[in-house]
Amino acid sequence: MIAMSSPTGSQSSDPSPHRSAGPNYTAVEEPLHRTDTCNIVICGEAGSGKSSLVNLIAGTNMAVTSPDAMGCTTGTSVYDILVRGTSKVKFFDTAGLDEGSEGAVPDKKARRMLRELLQTLMEQGGIHLIMYCVRGQKTIRTLRRNYELIHSQVKKEVPIVLVVTCLESYKPDMEEWWRVNEPAISNLGMTFAGHACITTAISHEARRAHSYDAVCKLIERCRMSAR
């Protein structure tokens, strides 16, 4: 059994004044595969913006975030969010990968935790989508190690999408990151079912709104294919 923290109740993703939700304790052995709920695992390196992505989708500060590139998630947190007021989604926000021994969770432990989570959810048929988060400033070659870890656990049974974060200053637009880097990603053998180039920065309102729409479209596509 894998223990996880989980906020109480569901939250609508309709953007509204930020609120905070206190976690309680739950476990992954509860039934996960429900026809009316989409289960999404969010993973990636420490400080890649996984928890900020949860808050973007929820429209509220549900998840604790870090102001820098250091990780702050020490286990797996579960969030029930009503995306755009209609789609029930259970998000599994995982501990960041690639941290050193002084980080929130050492890399070896974080990788073991992610493997165990994915294996458990796969056994229960409970993963509909994996969101692999990366910072836009990272070298493409460094993304392959974590991609291979994720892909080795789910093979082609679960779609993996790439969410590229921290692109609030990318020129001329955020999607340019994908146009520039897609050839290198393909050459390294990484295949994604979709992508979203985003920012979660509140100071960039227009790009943040575009990011919200881009991520919601990935989720909606996932729900449609799961039917």
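Cys133 is buried, with a relative accessible area of 0%; buried means under 20% relative accessible area, exposed means over 50%, and partly exposed covers what is in between (1.4 Å probe, protein chains only). This is a predicted model, where local features need pLDDT of at least 70, side-chain atom pairs count only at pLDDT 80 or more, and totals for chains, interfaces and linings use all residues. Residues are numbered from 1 along each chain as its sequence is written, and side-chain values use heavy atoms, with hydrogens and water left out.

**The chain as a whole**

- You're looking at five helices and nine strands, where helices (H or I, at least four residues) and strands (E, at least two) are DSSP runs numbered from the N terminus.
- Going along the sequence, the order is β-β-β-β-α-β-β-α-β-α-β-α-β-α.
- The chain has 227 residues, and 51% of them are buried.
- Of the contacts (heavy atoms within 4.5 Å) with a separation of 6 or more, 68% are between residues 24 or more positions apart.

**Cysteines**

- Counting a disulfide as a pair of cysteine sulfur atoms within 2.5 Å, the model has zero disulfides.
- Cys38 is in no disulfide, and its nearest cysteine sulfur, that of Cys222, sits 3.3 Å away.
- Cys38 is also buried, at a relative accessible area of 3%.

**Helix α1 and the residue after it**

- How much of helix α1 (residues 50-58) is covered? Most of it: eight of its nine residues are buried.
- Those buried residues are Lys50, Ser51, Leu53, Val54, Asn55, Leu56, Ile57 and Ala58.
- Just past the end of α1 comes Gly59, with a positive phi of about 70 degrees.

**Helices α2 and α3**

- Two packed helices are described by the angle between their axes and the distance between the axes.
- For helix α2 (residues 107-123) and helix α3 (residues 143-154), the axes come within 9 Å and cross at roughly 25 degrees; here axes are lines fitted to C-alpha atoms, for helices over the stretch in contact, with angles from 0 to 180 degrees between N-to-C directions.
- On the α2 side, Asp107, Arg111, Leu114, Arg115, Leu118, Gln119 and Met122 meet Arg145, Asn146, Leu149, Ile150, Gln153 and Val154 of α3.
- Sorted by class, this α2 to α3 contact holds six nonpolar, three polar and four charged residues; Ala, Val, Leu, Ile, Met, Phe, Trp, Tyr, Cys and Pro count as nonpolar, Asp, Glu, Lys and Arg as charged, and the others, Gly among them, as polar.

- Most residues other than glycine have a negative phi, and most peptide bonds are trans.
- Which two residues are joined by a cis peptide bond? Lys171 and Pro172, with omega of about -5 degrees.
- Pro172 lies in the loop between β8 (160-165) and α4.
- Arg84 isn't a glycine, but its phi is positive, near 55 degrees.
- Arg84 is in the loop between β5 (77-83) and β6, and counts as partly exposed at 33% relative accessibility.
- Lys155 also has a positive phi without being glycine, near 50 degrees.
- Lys155 is found in the loop between α3 and β8 and is partly exposed at 48% relative accessibility.

- Gly75 belongs to the loop between α1 and β5.
- Gly75 and Val105 are 30 residues apart along the chain, and their C-alpha atoms are separated by 8.2 Å.
- Setting aside neighbours within four places in sequence, Gly75 touches Asp93, Thr94, Ala95 and Met113.
- Ser87 is part of strand β6 (residues 87-93) and is buried, at 11% relative accessibility.
- Leaving out residues up to four places away in sequence, Ser87 is in contact with Ile81, Leu82 and Arg223.
- Glu182 belongs to helix α4 (residues 176-187) and is partly exposed at 29% relative accessibility.
- From Glu182 to Ile140 is 42 residues in sequence and 9.4 Å in space, C-alpha to C-alpha.
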